[in-house]
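This report goes through the strands, the nonpolar cores and the aromatic rings of one model. The sequence and the structure come first.

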Amino acid sequence: MAEGKKFIRDSIHGNLPIYEFELGVLDYPQVQRLRRIKQLGFISLIYPGANHSRFEHCMGTMHLASKLADNLELDQYDKDLVRIAGLLHDIGHAPFSHAAEAVLGFPHEELSAYVIKETSIKDKLSEKFNVNDIVDIINGKGRLGPIISGELDMDRMDYLVRDSHYTGVAYGVIDTERLINNLKLERELILDIKGVQAAEAALAARYQMYPSVYQHHTTRILNAMFRRALKDLMDQGLIVAKDMYKYDDSDVVSLCRASTGLSKDLMERLDNRRLLKVAKSEPVNTFEYPERIFKIPKDKITKAEEEISEDFGIDRDYVFLNLPDYPHFNEMKTLVSLGDKLYHLNEISSIVGALSSARFNSPDICLYLPKEEKDKLKKFKFENYLDLPEKVNRFDTIHTDQVKLF
């Protein structure tokens with residue numbers, strides 16, 4: 001960008017340069033709302049330092065995307081386009097970020113596209129860009145899409161480092177400089193062989209962050225409680241899914257507190273950390289095809305919850321059958337250049353290949369109930385309510401309800 005620049009101090013990346021046009025975009029309420037959306041939702045109830053916002057993450061993604069664009073020697077327009085896409089890639093996130101997404105029924109990228117193309121910020125963006133180009137990059141489309149939404153994208157590089165920093169866990173140490181300096185752009189991003197070790201570290205960090213932070217056993221309980229409270233608000237007509245881009249965290253908390261019944265009670269429990277408890281759990285690696293468990297349809301979960309409620313005499317609203325949410329690790333398919341040939345990353349690295357199966361070691365199916373109801377489930381078996389794969393005796397496993405970190 002030719003115009004003058006200012007700097008915003010970031011706790012992760014230091015001084016982030018930002019230009020006059022981007023400063024104008026930042027002033028729009030659609031972007032400022034992101035300051036009031038927690039990046040990690042309710043995880044601050046587990047890791048008290050995790051109060052960073054979507055706004056910080058978007059700034060960081062813009063910065064890393066800009067560094068990669070410079071390294072790829074893109075022309076100035078494309079550099080500017082990548083920067084603005086990085087800044088706006090999460091503009092449609094609902095309150096408490098991913099915790100709400102399962103209730104909405106559509107990904108946050110759809111709301112991001114709507115905000116960019118249909119709200120007042122479009123007029124500002126259209127002064128310099130085709131807004132459809134911004135949306136395409138956010139959705140990983142086109143030549144520049146993999147920079148923001150791909151296999152080794154800058155969105156992921158920022159949130160892993162940032163989330164590790166604010167939670168205080170030691171797993172998000174990633175050599176972003178080495179990754180950026182060893183990526184080239186052809187039809188897609190290709191990693192040079194010299195960057196394989198940095199990619200291995202990034203994948204290992206992501207693998208470790210899931211059981212430690214994103215799918216920590218208490219995180220899953222917090223998210224399950226919030227999602228049911230949010231659904232109750234929607235069922236009452238107090239909030240509409242397609243308007244979720246208008247609300248921030250405090251709006252939804254206030255609606256819950258001011259409502260009656262289930263959403264009010266669940267929010268009071270969250271406010272005072274009176275959480276549901278794990279009544280039963282079953283590690284997915286005890287089943288022959290654990291990947292099938294991740295794909296059990298939502299309607300089967302709902303039916304199973306209703307049957308459990310009837311069979312054990314527990315209030316339906318407080319029966320939570322919860323499946324783990326783990327990534328597919330598509331980064332394993334990242335192309336690596338070795339001489340004049342291309343290989344997939346898992347062909348080059350045995351570490352990356354091992355992570356594919358290792359992702360099933362930590363997650364488990366869980367049933368959450370109020371503490372006072374746990375004793376009713378002594379004869380409960382998951383297989384009586386869900387069509388699960390055959391069990392296998394691979395090795396002894398540790399149930400998450402036997403060992404608790406917090």
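Strand β6 and strand β9 (residues 364–369) run antiparallel and are joined by 3 bridges. Within this pairing, Phe320 stands opposite Tyr368 in β9. The model is a predicted one, in which local features need pLDDT of at least 70 and side-chain atom pairs count only at pLDDT 80 or more, while totals for chains, interfaces and linings use all residues. Residues are numbered from 1 along each chain as its sequence is written, and side-chain values use heavy atoms, with hydrogens and water left out.

β6 belongs to an open sheet of 3 strands in the order β5-β9-β6, with antiparallel pairing. The edges are β5 (277–283) and β6 (320–322); each has a single partner strand, so one side of each lacks a neighbour in the sheet. From one strand to the next the twist averages 15°. Strands are DSSP runs of E, at least two residues, and helices are runs of H or I, at least four, numbered from the N terminus. Two strands pair if DSSP finds at least two bridges between them. Angles run from 0 to 180 degrees between N-to-C directions, with axes fitted to C-alpha atoms, for helices over the stretch in contact.

## The mixed sheet and the hairpin

A sheet of 4 strands is also open, has the order β3-β4-β7-β8 and shows mixed pairing. Here β3 (183–185) and β8 (341–344) are the edge strands, each with a single partner strand, so one side of each is without a neighbour in the sheet. Neighbouring strands of this sheet are turned by 40° against each other on average, direction ignored. Strand β4 (residues 189–192) runs parallel to strand β7 (residues 335–338), and 3 bridges join them. Ile190 stands opposite Leu335 in β7.

Strands β1 (residues 5–10) and β2 (residues 14–19) pair in the antiparallel sense over 6 bridges. They form a hairpin with 3 residues between them, and Lys5 has Tyr19 in β2 as its bridge partner.

## Nonpolar cores

A nonpolar core is a set of buried Ala, Val, Leu, Ile, Met, Phe, Trp, Tyr and Cys residues joined through side-chain atoms within 4.5 Å. Buried means under 20% relative accessible area, exposed over 50% and partly exposed in between (1.4 Å probe, protein chains only). The largest core has 110 residues, of which Ile84, Leu88, Ile147 and Phe226 touch the most other members. Helix α12 (residues 196–214) gives the largest share of this core, 11 residues. Apart from it lies another core, of 23 residues, including Ile301 and Leu367.

Neighbours within four places in sequence aside, Ile84 is in contact (heavy atoms within 4.5 Å) with Phe21, Glu22, Val25, Leu125, Phe129 and Ile134. In helix α6 (residues 108–118), the buried residues are His108, Leu111, Ser112, Ala113, Val115 and Ile116. They pack against α2 (29–32), α4 (76–88), α5 (98–104), α7 (121–126) and α8 (131–138).

## Aromatic rings and cysteines

The whole structure holds 11 aromatic pairs. Rings of Phe, Tyr and Trp (its six-membered ring) pair if their centres lie within 6.5 Å; planes under 30 degrees apart count as stacked, over 60 as edge-to-face and the rest as tilted. The ring centres of Phe42 and Phe226 are 5.2 Å apart and the planes are at 50°, so this pair is tilted. It links distant parts of the chain, 184 residues apart: Phe42 is in the loop between α2 and α3 (54–71), and Phe226 is in helix α13 (residues 217–235). Both are buried, Phe42 at a relative accessible area of 8% and Phe226 at 0%. Phe312, Phe380, Phe382 and Tyr385 form one aromatic cluster.

The structure holds 0 disulfides (pairs of cysteine sulfur atoms within 2.5 Å). Cys256 is buried at 0% relative accessibility, and Cys366 is buried at 1%.
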